[in-house]
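Work through the exercises below with the coordinates at hand. Each task is followed by a stepwise solution.

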Amino acid sequence: MDLDFNGDVATLDADLLQLPEVSPLAIKANPSVADKLFDQWLSLPETKLMVKSLISNAEAGGPLNISGASFSTNTGGNSSMPSMFPAVSTPPLSPRSSLGSPRVMKPRAGPSTLGSPLKLVNEPDKEVIPQFYFLDGRPASNELRERYLFIINQFFYGHPDGLQINDFKQVTKEICKLPSFFSSVLFRKMDSGGTGVVTRDSFVDYWINGNMLTKDITVQIYTILKQPEARFLVQEDFKPVLRELLASHPGLEFLQSTPEFQERYAETVIYRIFYYVNRAGNGRLTLRELKQSNLITAMQHADEEEDINKVLRYFSYEHFYVIYCKFWELDTDHDFLIDKENLIRYGNHALTYRIVDRIFSQVPRKFTCKVEGKMGYEDFVYFILSEEDKSSEPGLEYWFKCIDLDGNGVITRNEMQFL
């Protein structure tokens, strides 16, 4: 069978010839080469057989398997592209041209037609991240739950009707691991109905089913002290705890005959807590502020130490005594209020009139006293804590605001000389 080809070689795309033995750049540089190669290819017996097979398939209406992927340089088989060069021969070097080295292959735009079949890539299994946030606290594991239920049953054994408040202190300390002076406020949290007793079921429901068991002690104390719907603590929330501390701590028994000083001591402790812990100074102590403080450690220390004066942070009675006596000394008319003339006498007139004016202008801290021109006991506690402990953050902030006359956050030499 004679085959003729009348195509225009000049328009032939050399990349489509699929001849690995010859560079496409060499063919483009010499169009006559393509013509000769094509003539040689048509003269090959394998080519004639392939063309005849394709014509027969076309006449019979069968599919034409002429895709580029089906062609190969191997000579074995009628379905592959016959090679015009012997397998053992070395291809000759192509002549150089102005188009550059024939050994440099031009990058192809688009996917190759000679590529291997697409392989299915299995997607990696998605990693399941376990739940790490629980709105109401992490539930206790079965092992922890069973262990605590056994201990709870021992404490409530012989008390089918529940425990009264006088019997609840040991439960607070041994099971809940809280300071013993939290027993009353914890008891009232569980005895929501005001029955005067806490049953085993009500204790389990609050402490275990309510996930209090798995919370850290800071969150436990914060939850017990705050009001149900509140998102912060106020001074009033600490009063029940301080009342029980005064009633049960051996280092404060001598105050039981003087209720007035018990009340002043509790107020002073609360003022000291908010001075150091409530750094926002808004009277709303948040959980974050509580976690960043050492208050819980001081509470545990106060519960374990019989000498309350050794608990220097917040609870020392000697510190309260000094603060209260200083205030009482300055308050000459004993109306529990002091003015500028009273404060100027502090520390044997250690303060200047200008600094006293700055304090009473309420720049370093707004007074809680509603009487104009007067400072109340709480305001004085903040002042004396800042005066006696200038290295603390609240103290530094207090005096910085006093000296920073223009409030621009920078202290100048003139401002320091003025005061």
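The exercises that follow concern a predicted model and treat a helix pair and some salt bridges.

**Exercise 1.** Classify the relative orientation of helices α16 and α17, and identify the residues in contact.

Solution. 
1. Helix α16 spans residues 377–388 and helix α17 spans residues 393–403; their axes come within 8 Å and cross at roughly 100 degrees.
2. Angles of 65 to 115 degrees count as roughly perpendicular, so α16 is roughly perpendicular to α17.
3. On the α16 side the contact is made by F383, S386 and E387, and on the α17 side by P394, G395, Y398 and W399.
4. These residues divide into four nonpolar, two polar and one charged.

**Exercise 2.** Characterise the salt bridge between K173 and D303. Is each partner buried, partly exposed or exposed?

Solution. 
1. The N to O distance between the two side chains is 2.7 Å.
2. K173 lies in helix α5 (residues 169–174) and D303 in helix α12 (residues 295–304), 130 residues apart.
3. Buried means under 20% relative accessible area. D303, with 19%, is therefore buried.
4. K173 has 37% relative accessibility, so K173 counts as partly exposed.

Methods: Residues numbered from 1 in each chain as written. Predicted model: local features only at pLDDT ≥ 70, side-chain atom pairs only at ≥ 80, totals over all residues. Heavy atoms only, no water. Axes fitted to C-alpha atoms, helices over the stretch in contact; angles between N-to-C directions. Helix = DSSP H or I, 4+ residues; strand = E, 2+ residues; numbered from the N terminus. Parallel < 35°, antiparallel > 145°, perpendicular 65-115°, else oblique. Contact = heavy atoms within 4.5 Å. Nonpolar A, V, L, I, M, F, W, Y, C, P; charged D, E, K, R; others polar. Salt bridge = Lys/Arg side-chain N within 4 Å of Asp/Glu carboxyl O. Buried < 20%, exposed > 50% of the residue type's maximum accessible area, 1.4 Å probe, protein only.
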